[in-house]
Amino acid sequence: MTFFDELQNASEFGRKTLFEAPIFSAIEDGRFDINSYTYFLSQAYHHVKHTAPLMMACGARLPDRLEPVRKALVEYIEEEYGHHEWILNDLKACGVDPDTVRNGQPDLPIRLMVAFLYDLINRGNPVGLFGMVQVLEGTSVAVATPMGEKVQRTLNLPDTAFSYLYSHGSLDQEHFQFFKSLMNGITEQEDQRAIVDAANVVYRLYGDMLRDVPLASPADRIREVRRGLA
């Protein structure tokens, strides 16, 4: 069995728990309103803005034996740099002042997730950061585009409000194949354990954020539809 397959198996419970968050059924049922979407985007901003800095910090602390991983991080950083600004543009298209989000703080799950990842790099095994990559890219590959399309139809928002979700649905399809190949080159058990552990922690914390997304009640959604028809 390849290490990527082992990683998938070892993080199966966390992945299953994440996808049981009420947000997914709420989107299917139309119980996802503008407050739900802007909350999700605001939390996404506060972790995505750390993606490039985290990868830079990780690359600086990798040992020489993981030079191929450091090289891969260069490619990741080039691809990921600036994506947090896309999220602010999406929020602006939703009627939210982007500076309010830029200057604000995330809720506890994202604060803990970001702090955990910096601590992992500084005091643990930095290659564990790829546990985060497994969670975030794997989740976006699975749901970003189809869920984004359903949200857009429900909320009747313009394409300019979905640059982050739509780009990552397609972009991460390519990234995830690259990620699989990179993970299959990780052979040291201590590195593998660090990646598996980090993936499970991030599944828990990112899942907690998704479970905190405010959802509209069925009655609220009916009233919104009626207002739209009036």
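Trainee: Does Phe3 count as buried or exposed?
Mentor: This is a predicted model, in which local features need pLDDT of at least 70 and side-chain atom pairs count only at pLDDT 80 or more, while totals for chains, interfaces and linings use all residues. Residues are numbered from 1 along each chain as its sequence is written, and side-chain values use heavy atoms, with hydrogens and water left out. The scale is relative accessible area, where buried means under 20%, exposed means over 50% and partly exposed lies in between, using a 1.4 Å probe and protein chains only. Because its relative accessibility is 5%, Phe3 counts as buried.

Trainee: What is the handedness of the crossing of H1 and H12?
Mentor: The axes of helix H1 (residues 3–10) and helix H12 (residues 189–211) come within 10 Å and cross at roughly 35°, where axes are lines fitted to C-alpha atoms, for helices over the stretch in contact, and angles run from 0 to 180 degrees between N-to-C directions. Phe3, Glu6, Leu7 and Ala10 in H1 meet Gln192, Ile195, Val196, Ala199 and Asn200 in H12. A crossing is left-handed if the near helix is turned anticlockwise from the far one by less than a right angle, and right-handed if clockwise. The crossing of H1 and H12 is right-handed.

Trainee: How are H4 and H7 oriented to each other?
Mentor: The axes of helix H4 (residues 34–48) and helix H7 (residues 83–93) come within 9 Å and cross at roughly 160°, and this crossing is left-handed. Angles under 35 degrees count as roughly parallel, over 145 as roughly antiparallel, 65 to 115 as roughly perpendicular and the rest as oblique. Therefore H4 and H7 are, to each other, roughly antiparallel.

Trainee: How do the residues of the contact of H4 with H7 divide into nonpolar, polar and charged?
Mentor: On the side of H4 the contact is made by Thr38, Leu41, Ser42, Ala44, Tyr45 and Val48, and on the side of H7 by His83, His84, Ile87, Leu88, Asp90 and Leu91. Here Ala, Val, Leu, Ile, Met, Phe, Trp, Tyr, Cys and Pro count as nonpolar, Asp, Glu, Lys and Arg as charged, and the others, Gly among them, as polar. The division for H4 with H7 is seven nonpolar, four polar and one charged.

Trainee: Which residues of H3 and H10 make their contact?
Mentor: The axes of helix H3 (residues 22–29) and H10 come within 9 Å and cross at roughly 45°, so these two helices are oblique to each other. Their crossing is left-handed. The contact is made by Phe24, Ile27 and Glu28 of H3 and, from H10, by Val143, Met147, Lys150 and Val151.

Trainee: What separates the C-alpha atoms of Ala144 and Leu165?
Mentor: Ala144 is found in helix H10 and, at 5% relative accessibility, counts as buried. Thr139 also lies in helix H10, and its contacts beyond four places in sequence include Ala144 and Tyr203. Although Ala144 and Leu165 are 21 residues apart along the chain, the separation of their C-alpha atoms is 5.4 Å.

Trainee: What is the phi of Asn156 near?
Mentor: Asn156 lies in the loop between helix H10 (130–155) and helix H11 (163–183), and at 68% relative accessibility this residue counts as exposed. Most residues other than glycine have a negative phi. Asn156, a residue other than glycine, has a positive phi, near 55°.

Trainee: To how many disulfides does the count come?
Mentor: Cys58 is buried, with a relative accessible area of 0%, and Cys94 is buried, with a relative accessible area of 14%. A disulfide is a pair of cysteine sulfur atoms within 2.5 Å. By this rule the number of disulfides comes to zero.

Notes: Helix = DSSP H or I, 4+ residues; strand = E, 2+ residues; numbered from the N terminus. Contact = heavy atoms within 4.5 Å.
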